[in-house]
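Work through the exercises below with the sequence and the model open. Try each task before reading its solution.

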Amino acid sequence: MKAFAELYARLDASNKTSDKVAALTDYFRSAPAEDAVWALAVLTGRRPKRPFASTKLQLWAAELAEIPPWLFTECYDAVGDLAETIALLLPGRTGDDTPPGLGHVVESVLMPLADAEESTQRAVVTQTWLRLTTAERFVFNKLITGGFRVGVSKELVVRGLAAALGQPQAVIAHRLMGDWVPSAAFFHSLAAPNDAVDHSRPYPFCLAHPIEGPVESLGLPHDWMADWKWDGIRAQVIHRAGEMFVWSRGEELITDRFPEIRDLAQALPPGTVLDGEILVIRDGQVQPFAELQRRIGRKTVTRKLLQELPVGLIAFDLIEFGGEDQRSTPLRDRRARLAEIAMCTPGIPHLLVAEDLLANADTWETLSIRYAEARDRGVEGVMLKRADSAYEGGRRKGIWWKWKVAPMTIDAVVVYAQRGSGRRASLYSDYTFAVWNDAGELVPFAKAYSGLSDEEMRRVDAVVRRTTLEKFGPVRTVRPEMVMELAFEGIQRSSRHKSGVAVRFPRILRWRTDKRPEDANRLADVLALLDQITLGPVRAIDPESDEP
């Protein structure tokens, strides 16, 4: 735990990419494999599940620190972070034994706790606290509460690990895809000269950057290809050695949740991997993301759901064919072969090939006309991809750009505030926003936490503390004074929300200090945005059609 706590401190202390990569490289070079593999898992989002509610930790920590619960609550309120509060309040480390390693803590301490009796849980946790220093306790607490976060991306972890193991970044990124189990053997396999065969493993997804400047700055249109930016589930569909797999971009195996896509994979030629978007397509029209959400959380899909919410795949890339990696092949050639597969292989259900919006466009102005259709079609915008580009994992500037439509905006009133996490743990930085209904009442309709500067956030925090009306655990009800301009990418009707709508990716554009609460928008204004969206038909290469 000492080495991992030191790594955490180094990662948290700097905003420089080079410093973070150096810290990761140093750690992975020196840490034992049984510790390094769990550091790798935790840093890439494979954290162990929380074994019990954090209220137990508060009670046990207060008892061990010999303070009353009310005083612990006051300390927690002042510090703002539970893991840090406990680490600071506990008595000093006792005993001369060597602190346990990260692998031991995860496998022998954390993982067995979920099934243990409460008395055993308490004994194990308090004994572990007393074996650790303050810095080590802080990291341990972050792991046990499920709140472990540090400012490092998976791409930086891959860079540091690749440097430590002397492997190309692309090789390490690919070997970390899919469903791997943290073990010393797996960590050693990452450095092996030859990769073990894993038919289920997807490829690192190629990602896009937001477009910078006018579209004309990209050069000549014939050097590019363009797709609609669909609002669905990005997925890789795999058929290898008679086995079918469907992976989400979040590296979740979702094969059983979408039997239609599994059937699609089975109909593909063996040794094929497609990249595309899973969408609910009903009567030839793509349905809103809210419809797809009804399928996402279902591990068992009923016949009724299959009939009501049929899904399909709009494929836009071919990254393996005949068992051969196609990633270095230019995009225009990958897409041509993808179209051939769809047209020439009979009986592939639920498969469409993305329309190239630049196929018949001689000028950027022609594409701009299509781009103007995006909101009416219920899509997020247009994807622009260099026609000669390879399929590169991660975000590579200059090869794929996303040209998103301007967001919808609404002025709303802050009605609830909650503490943030990480460096925001001492600030009320997560807000619930409301608009006025016809009865003159504020109706909550969105939550957002991003968009304000650090200075603005501190000012809002002061207002929240000054105008608090009620407290509900970490949440405060505030007097409706602050008006914020919110932006969001999409909107759909929702019976789960009191307002009757749900919005996609809300964020704060600015604090409207020039507006009073009564100047905020009405619910009718929000509902009117729904009328701006009329779902258009899917236009793509249909494998059962003779038309391209």
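**Exercise 1.** In which order do the four strands of the open sheet stand, and what is the pairing?

Solution. This is a predicted model, in which local features need pLDDT of at least 70, side-chain atom pairs count only at pLDDT 80 or more, and totals for chains, interfaces and linings use all residues. Residues are numbered from 1 along each chain as its sequence is written, and side-chain values use heavy atoms, without hydrogens and water.

Step 1. Strands are DSSP runs of E with at least two residues, helices are runs of H or I with at least four, and both are numbered from the N terminus. Two strands pair if DSSP finds at least two bridges between them.

Step 2. The order is β2-β13-β11-β3, and the pairing is mixed.

Step 3. β2 (209-210) and β3 (224-228) each have a single partner strand, so they stand at the edges, with one side of each left without a neighbour in the sheet.

**Exercise 2.** Describe how β3 and β11 pair.

Solution. Step 1. Five bridges join β3 to β11 (residues 381-386) in the antiparallel sense.

Step 2. Opposite W224 stands R386 in β11.

**Exercise 3.** Is G92 buried, partly exposed or exposed?

Solution. Step 1. Locate G92: the loop between α6 (82-89) and α7 (102-113) holds this residue.

Step 2. Apply the cut-offs: buried is under 20% relative accessible area, exposed is over 50%, and partly exposed is in between (1.4 Å probe, protein chains only).

Step 3. G92 has a relative accessible area of 48%, so G92 is partly exposed.
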